[in-house]
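Please read the following walk through a structure with the sequence and the coordinates at hand.

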Amino acid sequence: MAAGPPPTAAQAYRPNRFVSLPAELDPETYDLSPEKRRAEAERLAIRARLKRQYQLQLNNPNPPAIIEDPALIRWAYARSQNVYPTFRPTPKTSFLGAVFAIGPILFWAAVFKADRDRKEKLIQEGKYKRPFSVF
Amino acid sequence: SEMSKDLLPGPYPRTPEERAAAAKKYNMRVEDYQPYPDDGFGYGDYPMLPNKSLHERDPWYQWDQPDMRHNWGQPMHWDFDMYIRNRVDTSPTPVPWHIMRKHFLIFLTTMLIMFGLGEIYPSYRPVGPKQYPFNDLYLEKGGDPNKKPPVVTHYEI
């Protein structure tokens with residue numbers, strides 16, 4: 001079996017969820033196509049519009065008491081109040097819910113029961129030494 | 001809050017019009033907007049942004065909020081509070097992650113094996129019981145000072 005082409009520097013780096021690829025190894029950095037430029041221009045237009053809105057509120061002679069950030073409100077709403085309406089019981093969510101919510105309860109109940117049974121057996125046989133006995 | 005319902009996050013977008021409306025709501029391009037997969041986990045239509053921490057954002061750009069490296073109205077990552085500059089850092093390392101992990105595990109397993117072997121097969125210079133002076137500390141151990149102490153010799157000539 002012939003070995004394939006040698007791995008590129010980006011592939012040899014193997015970025016994962018703990019580190020991202022350096023910009024120098026990313027082929028997108030060197031991509032100068034018109035599509036990328038138009039995408040960047042559109043993003044810049046959105047950014048400039050948002051900056052203008054923010055600066056107008058910031059430099060207002062009668063500034064509002066708080067300049068609220070809609071992105072922050074949406075983030076907080078999505079993480080707190082939008083979770084229950086968009087939740088749906090699927091096989092995956094049911095399995096994870098069982099593992100993380102019901103599993104520990106059953107596990108610790110079994111552990112404590114087994115421990116207590118073992119201690120009870122030792123007491124019945126008379127082999128248990130009381131740890132904090134006052135006698 | 002007093003924002004209207006169409007400005008707040010909602011359910012997963014199903015039609016292309018809903019996707020376009022959601023992208024506009026979150027101040028993103030329609031091509032950039034990618035919601036989380038519809039697995040019923042509770043993400044709704046919130047955009048899935050790349051999992052990059054704030055360490056990777058340009059430190060020299062004039063952000064509206066410099067400590068958070070965040071602009072007003074810019075969509076925030078779902079795990080934004082994890083990726084702040086006090087916490088998780090995903091910036092690229094000079095040495096790739098798998099090489100660092102390999103070197104660390106080699107070192108750790110070698111040291112653990114050596115320590116384990118040292119516990120199972122200890123090795124030290126020969127030792128004997130401790131020898132005390134003054135006739136095995138006769139007076140200090142409460143012996144009668146008027147009586148003659150038993151002579152203790154620890155050597156043989």
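Phe134(B) counts as exposed because its relative accessibility is 62%, and the cut-off for exposed is over 50%. The model is a predicted one, so this value, like the others below, is computed from predicted coordinates. Phe134(B) sits in helix H3 of chain B, which covers residues 133-137. Its backbone has a feature worth checking on the display: phi is positive, at about 55 degrees, although Phe134(B) is not a glycine.

Leu137(B) belongs to helix H3 of chain B as well. Leu137(B) is also not a glycine, and it has a positive phi of about 55 degrees. Is Leu137(B) exposed, partly exposed or buried? With a relative accessibility of 22%, Leu137(B) counts as partly exposed, because buried requires a value under 20%.

When neighbours within four places in sequence are set aside, Tyr132(B) is in contact with Leu137(B) and His154(B). Tyr132(B) is placed in the loop between H2 and H3 of chain B. Its relative accessibility is 37%, so Tyr132(B) counts as partly exposed. A further pairing for Tyr132(B) is with Val152(B): the two are 20 residues apart in sequence, and their C-alpha atoms are 9.6 Å apart.

Where does Asp58(B) lie? Asp58(B) is in the loop between helix H1 (16-25) and helix H2 (97-120) of chain B. At 40% relative accessibility, this residue counts as partly exposed. Not counting residues up to four places away in sequence, Asp58(B) touches Trp63(B) and Arg69(B). For Asp58(B) and Arg69(B), the separation along the chain is 11 residues, and the C-alpha atoms are 7.9 Å apart.

Now take chain B as a whole. Its secondary structure consists of 3 helices and 0 strands, and along the sequence the pattern reads α-α-α.

The domain assignment divides chain B into domain 1 (1-48), domain 2 (51-90) and domain 3 (92-122). Over C-alpha atoms, the centres of domain 1 of chain B and domain 3 of chain B are separated by 46 Å. Among the contacts in chain B with a separation of 6 or more, 38% are between residues 24 or more positions apart.

Of the 157 residues in chain B, 28% are buried. The accessible surface of the chain is about 11600 Å², and carbon and sulfur atoms contribute 60% of that.

How many helices and strands does chain A have? There are 5 helices and 0 strands, with the pattern α-α-α-α-α along the sequence. The radius of gyration of chain A is 31 Å, whereas a compact globule of 135 residues would be near 14 Å. Along the principal axes, the C-alpha trace of chain A spans about 85 × 70 × 35 Å.

For chain A, the domain assignment gives domain 1 (20-87) and domain 2 (89-135). The C-alpha centres of these domains of chain A lie 50 Å apart. Buried residues account for 16% of the 135 residues in chain A. The accessible surface of chain A is about 11100 Å², with 64% belonging to carbon and sulfur atoms. Chain A has 22 positive and 13 negative side chains, and the centres of those two sets lie 7 Å apart.

Notes
Residues are numbered from 1 along each chain as its sequence is written. Chains are lettered from A and ligands numbered from 1 in the order in which they are written. This is a predicted model: local features need pLDDT of at least 70, side-chain atom pairs count only at pLDDT 80 or more; totals for chains, interfaces and linings use all residues. Side-chain values use heavy atoms; hydrogens and water are left out. Helices (H or I, at least four residues) and strands (E, at least two) are DSSP runs, numbered from the N terminus. Buried means under 20% relative accessible area, exposed over 50%, partly exposed in between (1.4 Å probe, protein chains only). Contact means heavy atoms within 4.5 Å. Accessible areas come from the Shrake-Rupley method with a 1.4 Å probe; for residues, only the protein chains shown count as cover. Domain bounds come from an automatic or database domain assignment. The radius of gyration is taken over C-alpha atoms; the globule rule is 2.2 Å times the number of residues to the power 0.38. Lys and Arg count as positive and Asp and Glu as negative; His and the chain ends are not counted. The place of a charge is taken as NZ of Lys, CZ of Arg, CG of Asp or CD of Glu.
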